Amino acid sequence: MTNQERRDAGLAYLSDESVMKEQQVCRRKLQKLNFMDRSDFNEIEKVVKDLLGKSENAFINPPFYCDYGTHIEVGKNFYANYNCTILDVAKVKIGDNCQFAPNVAIYTAGHPIHPYSRNSLYEYGKEITIGDNVWIGGNTIVCPGVHIGDNVVIGAGSVVIKDIPSWSVAVGNPCRVIRKITDDDKKKLFGEEEIDEEAWAEIVKRMGE
């Protein structure tokens with residue numbers, strides 16, 4: 001097997017010349033994205049679409065960093081705020097209506113823990129999946145192999161090392177579920193503060209209820 005094939009199969013692989021050539025293509029696109037006019041939202045959207053391939057209404061606030069771009073699959077209305085990093089050695093699948101706060105890091109890449117194996121320069125990637133309607137708070141790290149369900153909120157500063165079930169609020173290092181999300185949360189804004197009536201009427205109108 002080639003190292004590209006080994007990487008894509010989730011096996012130990014080396015970043016050889018063929019692997020680095022793929023990354024060079026991505027880095028040229030990132031160079032354009034990260035140094036373009038930050039107020040030119042339309043052009044940013046175009047470069048993001050070129051970087052990620054198939055996407056609908058995706059927007060990323062530069063700077064943004066990834067290894068390939070082609071290994072990232074996003075659903076509708078994806079948004080990532082400043083300084084997002086996605087190490088997409090393995091596939092990263094992100095559902096519809098997902099939002100990342102600043103400094104979110106998604107790491108599929110990993111290395112053997114024993115120095116004998118690690119110093120050989122072999123590494124690996126393990127797929128990460130994120131469901132629909134997920135909000136990931138600032139400075140959160142999602143580690144290799146993690147699966148996050150639908151309708152989840154991950155609190156700021158979390159380190160996610162295990163799967164998170166749907167309809168959960170999870171936070172901490174390591175990240176743990178602290179409660180379920182219910183209809184009682186529907187009108188909540190911040191803590192126990194509720195959305196004001198004017199905004200709530202507009203929300204109901206927008207959501208078609």
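Analyst: This is a predicted model. Helix α3 covers residues 41–52, twelve residues in total. From first C-alpha to last, α3 reaches 16 Å.

User: How do you know that the span of α3 is close to what is expected?

Analyst: At 1.5 Å a residue, the expected value is 16 Å. The expected span takes 1.5 Å times one less than the number of residues. The computed reach of α3 is 16 Å, close to that value.

User: Which residues of α3 are called buried, and what puts them on the same side?

Analyst: I44, V47, V48, L51 and L52 are buried. Buried requires under 20% relative accessible area. These residues cover an arc of only 120 degrees around the axis, so they lie on the same side of α3. Their cover includes α2 (17–34), β1 (59–60), β2 (64–66) and β3 (72–74). N42 and K46, on the face turned away, are exposed.

User: Why are β1 and β18 called edges of the sheet?

Analyst: Seven strands form an open sheet, ordered β1-β4-β7-β12-β15-β17-β18, with mixed pairing. β1 and β18 each have a single partner strand, so one side of each lacks a neighbour in the sheet.

User: How do you know that β1 pairs with β4?

Analyst: Pairing needs at least two bridges. β1 and β4 (residues 79–80) have two, in the parallel sense. In one of them, F59 is partnered by Y79 of β4.

User: What joins β17 to β18?

Analyst: Four bridges join these antiparallel strands. V171 has R176 of β18 as its bridge partner. The two strands form a hairpin with four residues between them, and G172 in the turn has a positive phi of about 115 degrees.

Terms used: Residues are numbered from 1 along each chain as its sequence is written. This is a predicted model: local features need pLDDT of at least 70, side-chain atom pairs count only at pLDDT 80 or more; totals for chains, interfaces and linings use all residues. Side-chain values use heavy atoms; hydrogens and water are left out. Buried means under 20% relative accessible area, exposed over 50%, partly exposed in between (1.4 Å probe, protein chains only). The arc is that of the directions from the helix axis to the C-beta atoms. Contact means heavy atoms within 4.5 Å.
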